[in-house]
Amino acid sequence: IRRENALVDALARTIHDDYCRQREILGQSGTNMPWDQLPEEKKNSNRDAASHIPTKLRLIGHGIRKIGVSGIPRAPDISDAELLTLARAEHERWAGEQKLQGYRYGAKKDDKAKVTPYLKPFDDLTPRIQAYDIEAVQAIPRILATFGLEIHRMEEVERLGEGSLIDHLARAIHADYVLKRTGEGDTPETNQSMADFDVLEPDLR
């Protein structure tokens with residue numbers, strides 16, 4: 001579990017660093033502070049985004065593999081429609097995570113009161129707010145490339161070398177799920193989904 005958590009943490013840190021760079025490039029405000037200074041709930045938000053990458057990619061029939069011998073990642077074969085599918089999935093992930101943190105819908109954003117006007121379907125958001133979700137999924141290829149990985153359509157033959165990256169990430173997602181449910185008082189006896197990853201039913205993996 002330590003190895004999987006370390007991978008998610010590394011991806012999460014890179015997601016945050018990329019976000020900060022983009023805010024600087026665009027001259028926009030945001031949570032522009034070093035990773036080590038982030039509040040824990042902001043770190044967890046990035047961890048959740050990292051864990052969710054394989055899930056989003058599966059929605060459009062894509063996976064993750066090591067970059068080939070050229071060392072240059074292939075440009076993702078993703079259509080505009082598929083990009084919007086990814087953006088919708090990212091917004092749904094974000095909304096679910098915000099609700100877990102206690103946020104509720106309100107007309108005016110107020111982080112202290114945990115109120116946000118963005119807890120609504122992706123298609124009901126303004127283009128300016130939708131752009132944040134689109135930007136987040138557009139960043140996935142360059143974030144993965146920093147780890148020597150690329151996105152590919154699943155019909156292609158893949159070789160991931162030592163073990164399956166997707167399996168590693170699935171284990172990390174499960175470990176994070178177990179941690180959250182434990183914090184809420186669940187146990188493997190009351191929640192079968194908290195069982196060890198290797199003994200889970202295939203449909204729960």
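Analyst: What follows is a set of questions and answers on a predicted model, from the chain as a whole to single residues.

User: How many helices and strands does the chain have, and in which pattern do they follow along the sequence?

Analyst: The chain has 205 residues, of which 40% count as buried. Its elements comprise 7 helices and 4 strands. Read along the sequence, they give the pattern α-α-α-β-α-β-β-α-α-β-α.

User: At which angle do the axes of helix H4 and helix H5 cross, and how is the arrangement classed?

Analyst: The axes of H4 (residues 80-100) and H5 (residues 127-138) come within 8 Å and cross at roughly 110°. Angles of 65 to 115 degrees count as roughly perpendicular, and therefore H4 is classed, relative to H5, as roughly perpendicular.

User: Which residues make the contact between H4 and H5, and what is its make-up by class?

Analyst: From H4 the contact draws on Leu 83, Leu 84, Leu 86, Ala 87, Glu 90 and His 91, while H5 contributes Asp 133, Ile 134, Ala 136, Val 137 and Gln 138. Of the H5 residues in this contact, Asp 133 and Val 137 are also listed as buried. By class, the contact of H4 with H5 has 7 nonpolar, 2 polar and 2 charged residues.

User: Is Gln 101 buried or exposed, and which residue's backbone oxygen does its side chain reach?

Analyst: Gln 101 is placed in the loop between H4 and strand E2 (104-105). Its relative accessible area is 17%, and buried means under 20%, so Gln 101 is buried. Leaving aside neighbours within four places in sequence, Gln 101 is in contact with Glu 41, Ser 45 and Lys 114. At 3.4 Å, the side chain of Gln 101 reaches the backbone oxygen of Glu 41.

User: Where does Lys 114 lie, how accessible is this residue, and what is its phi?

Analyst: Lys 114, one of the residues in contact with Gln 101, lies in the loop between E2 and strand E3 (115-116). Its relative accessible area is 26%, so Lys 114 is partly exposed. Most residues other than glycine have a negative phi. Lys 114 is not a glycine, yet its phi is positive, at about 55°.

Terms used
Residues are numbered from 1 along each chain as its sequence is written. This is a predicted model: local features need pLDDT of at least 70, side-chain atom pairs count only at pLDDT 80 or more; totals for chains, interfaces and linings use all residues. Side-chain values use heavy atoms; hydrogens and water are left out. Axes are lines fitted to C-alpha atoms, for helices over the stretch in contact, and angles run from 0 to 180 degrees between N-to-C directions. Helices (H or I, at least four residues) and strands (E, at least two) are DSSP runs, numbered from the N terminus. Angles under 35 degrees count as roughly parallel, over 145 as roughly antiparallel, 65 to 115 as roughly perpendicular and the rest as oblique. Contact means heavy atoms within 4.5 Å. Ala, Val, Leu, Ile, Met, Phe, Trp, Tyr, Cys and Pro count as nonpolar, Asp, Glu, Lys and Arg as charged, and the others, Gly among them, as polar. Buried means under 20% relative accessible area, exposed over 50%, partly exposed in between (1.4 Å probe, protein chains only). A polar contact is a pair of N or O atoms within 3.5 Å; within protein, one must be able to donate a hydrogen and the other to accept it, and residues adjacent in sequence count only if both atoms are side-chain atoms.
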